[in-house]
2 protein chains.
Amino acid sequence: MPIIDISVPLSNSLVVWPSDPPLHIERRRFLEKDGANVSQLDMGVHSGTHVDPPLHFVPGGATVDQLPLDVLIGPADVVEFPVEESITASDLEARSIPKDCRRLLLRTRNSLYWVRGDTEFHTDYVGITADAASWIVERGIRLVGIDYLSIEPYKTPGHPVHKRLLEAGVVVLETIDLSAVQPGRYDLICLPLHIAGGDGSPARAVLVSH
Amino acid sequence: MPIIDISVPLSNSLVVWPSDPPLHIERRRFLEKDGANVSQLDMGVHSGTHVDPPLHFVPGGATVDQLPLDVLIGPADVVEFPVEESITASDLEARSIPKDCRRLLLRTRNSLYWVRGDTEFHTDYVGITADAASWIVERGIRLVGIDYLSIEPYKTPGHPVHKRLLEAGVVVLETIDLSAVQPGRYDLICLPLHIAGGDGSPARAVLVSH
């Protein structure tokens, strides 16, 4: 059972969203002195590989601990989009995504940032347009993932992409590294932490080959 | 596919190990004012449901991102131990644990703390003895989980339980809630965060019914 880790490593050099809390990991207790190594992790819950539940953008929306586990676990299609700008509904339409696709992972040029170990924030990453978000909702897709910090192009006024997806209850998985993944169908296991009432959570996400 | 969540909810009232960093979750950005809800999570990496890799107690030991994913995912046996004190090797011997068991989850009276939503730290939780740790290693078990903050009885001098398990590369899963789980075989999915060089990590752990 080959398992591919699509989570980015959490470290103090990992790029986070500009307005988000900093990511900081530091050892607080030491084996020699204190009997055990114990580190502290401080981070925004939308840093690193993470999921957005509705509450991130929908007033009173479902929280991360309310996301259905059977959406977070199951068959997923990795589809490549060799586009420079945002992925549109017609880009999605053109890729012959399987009709029974319920979890869609978008592989773009963003994945190269992870290969390079890039520690800078880029504003020109590939996201999706609002009509692509509508296409995803209308196709009955329950989870969509992308290989940069946001599925929405930088500074899109009014956040129509997040709102469209999250209002429809589509789980958004962001900051995955698909550079080592060939397009095709896999079993996705995406487990966010069990944060009570959380508006997001860091997650570990892996793909199991069929 | 019924999925049982055995992770405890992370919240500001969750009990953590007395000498560990505090667990604190707070919203930093607000939908109405800032356009999105974004929380910050500060915690010790051994708080909540979490895994211990060798580095927690072994100098130069493997880190949490080096744990093999195929140990964290796979068949697991939930076995009940209605003991008052620590679980011993003879307790393990007496329970007819399947010979092919590679992942063992110990259900004890500790799980009642989670049912009660107990926010106090208890020193008299059920752990395992050093001879039980040796039994686990000798049986070829690769992962062992228990339903309180530590698998080792409180203040055991020299930490022989952790050392024995971690030196043998057995993954230790702590602070799981097995109160809703009947003894038997399940598929365990236990995914810690991908913390580079981490001495531990919070994890989400679920059981899938066979």
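Modeller: Two strands pair if DSSP finds at least two bridges between them; strands (E, at least two residues) and helices (H or I, at least four) are DSSP runs, numbered from the N terminus. What you see is a predicted model, where local features need pLDDT of at least 70 and side-chain atom pairs count only at pLDDT 80 or more, while totals for chains, interfaces and linings use all residues. Residues are numbered from 1 along each chain as its sequence is written, and chains are lettered from A and ligands numbered from 1 in the order in which they are written.

Biologist: Okay, how many bridges join β9 of chain B to β10(B)?

Modeller: Look at residues 184–192 for β9 of chain B, and residues 201–209 for β10(B). B:Leu188 stands opposite B:Leu207 there.

Biologist: How many residues of β10(B) are buried?

Modeller: Buried means 20 or more other C-beta atoms, placed from the backbone, within 10 Å of a residue's own; 12 or fewer is exposed, and in between is partly exposed. β10(B) has nine residues and is mostly covered. The buried count is seven.

Biologist: Why is A:Ala168 partly exposed?

Modeller: A:Ala168 sits in the loop between α6 (160–167) and β8 (171–174) of chain A. It's partly exposed because its number of other C-beta atoms within 10 Å is 17.

Biologist: Now, which element gives the largest share of chain A's side of the contact with chain B?

Modeller: Contact here means C-beta atoms, placed from the backbone, within 7 Å. Each chain puts in 51 residues, and β2 (24–29) and β9 (184–192) are among the elements of chain A that give two or more. The biggest contributor, with seven residues, is β3(A).

Biologist: Last one: at roughly what angle do α5(B) and α6(B) cross?

Modeller: Axes are lines fitted to C-alpha atoms over the stretch in contact, with angles from 0 to 180 degrees between N-to-C directions. The contact includes B:Ala133 of α5(B) and B:Leu165 of α6(B). These helices are roughly parallel, a label for angles under 35 degrees. Their axes come within 8 Å and cross at roughly 10 degrees.

Technical notes: Contact = placed C-beta atoms within 7 Å. Parallel < 35°, antiparallel > 145°, perpendicular 65-115°, else oblique.
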